[in-house]
Amino acid sequence: MAKPKVPGMFKGLGVTFATLLATAKNGADTVQYPHEKETPPIRARGVIALHEDNCTSCMLCARSCPDWCIYIEGHKELAPPRRAGGAPRKVNKLDRFDIDYALCMYCGICVEVCPFDALFWSPEYEYSEPRIADLLHDKAKLGEWMQTVPEAPELEAGAEKKGKK
Amino acid sequence: MNAVLFASDLPYWLQSIFRVLGGLVAVLLPAGTVVYLFLFKMLSFMQSRLGPMEAGPYGSFQLFAEVGKWLQKEDIVPANAQPEARIFKMAPLIVLASTFLLVVVVPFGPDALFTDFETGIFYALAVSSISVLGILIAGWASANKYSLLGGLRAAGQLVAYELPMVLAVIGVVIQAGTMNLQQIVVAQNTGSMFGWDGIGNPYVLTQFVAFIIFMISVQAELSQTPFDMPIAESELVSGYMTEYSGFRFLIFFIGEFATAGVFAMIASILFLGGWGVPFAWFGWTTIDSVDNWMNFAGPLILFAKMMALVFFIMWIRFSSPRLREDQLQRFAWKVLIPISLVNIMVTAVLKVAF
Amino acid sequence: MRETELARILEALGANVVDSLLKPNDDMWIRVTAESWRATAETLKTLGFTYFGYVSAIDWLPSPFGKSEDDASGPSGDRDSTIKQGYTGGDTRFQVIARLVQPFTTIGINIKVDVDDAVMAVDSWSSVFAGANWHERETHEMFGIGFNGHPDLRNMYLPTDFEGHPMRKDFPLLARIVKPWPGIVDVEPLPGDDEEEGEAS
Amino acid sequence: MTMLGDRQQLAYIASQAADARVNVELETEGMTLNIGPQHPATHGTLRIIARLDGEQVVWAEPSAGYMHRGYEKLTEVRTFPQVTALVNRIDWLGSFANEVPFILAAEKLMGVEAPDRAQHIRTILFELSRIANVSLFLGDLGVQLGAITPVFFAFRDREYVLNLIEGATGGRFHPNFDRIGGLKDDLPAGFIDETRVVMKKLRTFCDQIEDLLFGNEIFQSRTRGIGVIPKDVALSYGLSGANLRASGVDWDLRRDQDIPMAWNKTDFKVITHPDGDSFARCWVRLQEVRESTKIVDQLLDTIPAGPVMAKVPKIIKVPEGEAWVSTENPLGEMGYYVVSQGDQGPFRVKIRSASFNNISIVPWLLKGVYVPDIITILASLYFILGDIDR
């Protein structure tokens, strides 16, 4: 039915009153944060997790990070040969892999550019620190984040079947 | 209260202490409930959120938390307001004083009233314009361009809207035949509509135009949203209150909502029959025949009517944008005042005819 | 559609156009002489190009601090500093570029002009297009190109007492020099051949 | 749409003349008011120096630059993927819409075109970021004029759109989802049905705002006839987007330009308004949000299957050349002039953002206006500070 031509003021009052009843009846749209927590979607870029053994300290992520917030130090050492009689392999050992989340802008270039799939996104977001220096997550901390990395979500119908990370 | 007090012939100083405590309760209690119920809860529910929920069950102690917060905040006086720091500090007290002076004349029950002025409503309207002084002083003394603009706008607006308020009240006074608020309440509850005295004769029905004008002027006196040019937060940050902090801002904040409560009480006395229910229901004929329990039920009835009126004030405040000050001045002078004059004339003619 | 439009423009501007380029279903470029800069604006406006896009400048000198991956604080001796202009050529280091559009056919045209290194100034468009006022102020403070006839050529973004023109290629980007780039190492060759001896960081 | 009757215009001019006569008599020296970088009405840190005579503005001049981050200088030392991550911080409310013209310019230089499915998803996310951007404008408009409730409706319904964008791209505000040649990933499962539900919510949001704000007589008296911009002045200042369409210029880059996006596969109305005043600009934006929801619905029905990434080498060196691409961003026409000399990063990027031109008209517009109208006009022009200062 055509809406009655009510003067604008009262239509406005009607809208606010209707919202008052709606909120009273079926609850507010807001989430009471500390008590109820909203789960972020699977792909949310919360924190970067490092899978240490994949990393060969090839510095690709450090070079392509726009904010230069990845600091990597490694050294070369001899690792036992793969095959029994083969020569010992020279392997890059990772000493230090820090990401400074005070500088990071969560663009995701490092995760994408890493040729060895050592970096993953995890939707974890509750890691704020009172001291800004503690935002420099070292290798161990980044390793801990690995447990929170979810499986890649399955894709919408009609998508090519190659779910990248 | 008078009867109770006089009967036990307490020394005069003890009576005045009771009166002071009664005044505090009569002003702060409505202010507290209005702030909690409307500003915290109703506003949030109208915006599909729950409002404060942390302090106490359903956020009931939020107001005490806020008061605590403001009290422990530093009370800053701007540097270049130093020469008139005394005046700067005095401004909020003037605004709050006008509220307390206003509540003195409000009757809560047949005997439960502070004073019974013969010219009650005349005194109330005169006293309510003191707050304009406080706001102008606050705007000027803060030595800040935005509060100066806010203060000047407030001066223009509050003066402009006192006229229609006074003229609306004259309509009621003509119909009631007296300026004494107690008599106005009695007149409304003993009168009868066309012979049927089922609901007494609340002036909201016969004086409906005056009621609308009075409510609009109250909205403007409190500088609530359609008329909140003085505290236009999107332009003047918060008008004359910008430079205040700590418990001075608390006084302004409490003043704003206490005045809303007290004005709503006066409006309910003038138009909705104040503390009384139609006397015919209980077979009372005059004020002396009203039973004693009315002294306790009266304040509650007045409180309920006041909350209903404040609901309307706040409802309009939360859902309408702001008028520009030349538009609201034009609205006051060219629309409200002529209509209230016409209303006075019509009431006078009808008063003479019947 | 664009061909006829370009022909109409060339015939209207006549000698002022030094060079023009039309990329099929892409865009049109013309380069005009410095003296005819304001005249071009007026004639184009009469030809229907009433929508003012922008006015800016390009500094064609390759940056002495090297490309994004090189080490900015290192010596800049071996980097080539030959100036190569883009479309419709040009022979000076600085070029002012502007864009106008016909609102109803959305045909746009990019107009370039060479800024003589000695003079470092071009006529101002603010009398023809009011929007050019701000753009020219920004170009002046960023590149140091003067605009004759501009009402007030104050700084748009930078503080009034800022010396130097940041968008010039030889203006150092301090962030790169102050903080050494974490990737300055003899970079490990791409992971394909891991036998090759590479000194890690 | 009501024509602004010439009676109304005459009344407005008469009232201005009357005030002018009054001012001449009581010649008071004016007051310079800094609507400073720290002010609730400027979306970000814009400072307006206004010389007042009483409540009326004699002369006003915005001074930008408090948020200047030097984007064009930064792009000279960044590679193309890094610039995409950088560039969606210019107009941070509709940030996916910033990446698209830059990536299209790079693709035009490379001679690569994104596959059909990628173009569809790009257009959907483009329209979603427009809805997120403009719905916040509708709420914020209420706050500028004093109504408290619309802004909460705006934030509540915009949250659904942001959750959609986060679900698909990973970032609510800075998706960084575009790559040269296509998109980083495909849509997560269940995205299409969720979007349809959200679009219905957005339409009810538009009706609520229309009842709450646009129908209100006070709102109309505050915005009709305020800040009137005639058509030719708008064109010569280079205004774009809803500000231009509200002055009666029927020009929408989505319909009039053929760029490799999926707009030409949908039919939508381009809304114009003859008055050119503040009310017209706000009204045009409200209708555009409704049109955007219709566009997204049509696109959701016609998404083709297929890959989302064209054949592009991993390390991209864009061949030499210059390209200009501009799209109809939520704030207006945003264009990139990318000059590349065959490296991993661009040689020079000229970022033509919409709000820079939209705000350059403010000195002309604010002459002889009341102080509250400054806020109304700024609200109706709708600029984002990052867009002005780059």
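Leaving aside neighbours within four places in sequence, B:Ala267 is in contact with B:Phe214, B:Met215, B:Val218 and B:Leu309, where contact means that the C-beta atoms of two residues, placed from the backbone, lie within 7 Å. B:Ala267 and B:Phe214 are among the residues with the most contacts inside the largest nonpolar core, together with D:Ala105, D:Ala106 and D:Ile374. This core has 290 residues; a nonpolar core is a set of buried Ala, Val, Leu, Ile, Met, Phe, Trp, Tyr and Cys residues joined through C-beta atoms within 7 Å. A residue is called buried if 20 or more other C-beta atoms lie within 10 Å of its own, exposed if 12 or fewer do, and partly exposed in between, with C-beta atoms placed from the backbone. Helix 11 (residues 247–272) of chain B supplies the largest share of the core, 18 residues. Helices (H or I, at least four residues) and strands (E, at least two) are DSSP runs, numbered from the N terminus.

The model is predicted, so local features need pLDDT of at least 70 and side-chain atom pairs count only at pLDDT 80 or more, while totals for chains, interfaces and linings use all residues. Residues are numbered from 1 along each chain as its sequence is written, and chains are lettered from A and ligands numbered from 1 in the order in which they are written.

Not counting residues up to four places away in sequence, D:Ile218 touches B:Pro226, B:Ser320, B:Pro321 and B:Leu323. D:Ile218 counts as buried because 24 C-beta neighbours lie inside 10 Å. Within its own chain, D:Ile218 is 73 residues from D:Leu145 in sequence, and the two C-alpha atoms are 9.5 Å apart in space.

Helix 5 (residues 116–144) of chain D has 29 residues and reaches 42 Å from its first C-alpha to its last. That is close to the 42 Å expected at 1.5 Å a residue, the expected span being 1.5 Å times one less than the number of residues. This helix is mostly covered, with 28 of its 29 residues buried. D:Gly146 follows helix 5 of chain D and has a positive phi, near 105°.

How do the chains meet one another? Among the 5 pairs of chains that touch, chains A and D have the most contacts. Here 30 residues of chain A are in contact with 31 residues of chain D. Helix 1 (residues 8–26) of chain A gives the most to the side of chain A that touches chain D, namely 7 residues. By class, that side has 15 nonpolar, 7 polar and 8 charged residues; Ala, Val, Leu, Ile, Met, Phe, Trp, Tyr, Cys and Pro count as nonpolar, Asp, Glu, Lys and Arg as charged, and the others, Gly among them, as polar. Chain A also meets chain B, with 14 residues of chain A in contact with 12 residues of chain B. The side of chain A that touches chain B divides into 7 nonpolar, 6 polar and 1 charged. Chains B and C, by contrast, do not touch, and their nearest C-alpha atoms are 25 Å apart.

Chain A has 4 helices and 5 strands, which follow the pattern α-β-α-β-β-α-β-β-α along the sequence. Its radius of gyration is 25 Å, whereas a compact globule of 165 residues would have one near 15 Å; the radius is taken over C-alpha atoms, and the globule rule is 2.2 Å times the number of residues to the power 0.38. The C-alpha trace of chain A spans about 90 × 45 × 30 Å along its principal axes. Of the 165 residues of chain A, 28% count as buried. One buried residue is A:Ser57, with 24 other C-beta atoms within 10 Å. A:Ser57 is in the loop between strand 1 (47–50) and helix 2 (60–64) of chain A, and its phi is positive, near 45°.

In helix 2 (residues 37–46) of chain C, the residues C:Trp37, C:Thr40, C:Ala41 and C:Leu44 are buried. They lie on the same side of this helix because they cover an arc of only 100° around the axis, the arc being that of the directions from the helix axis to the C-beta atoms. The buried residues of helix 2 pack against other elements of chain C, including helix 1 (2–13) and strand 2 (28–32).
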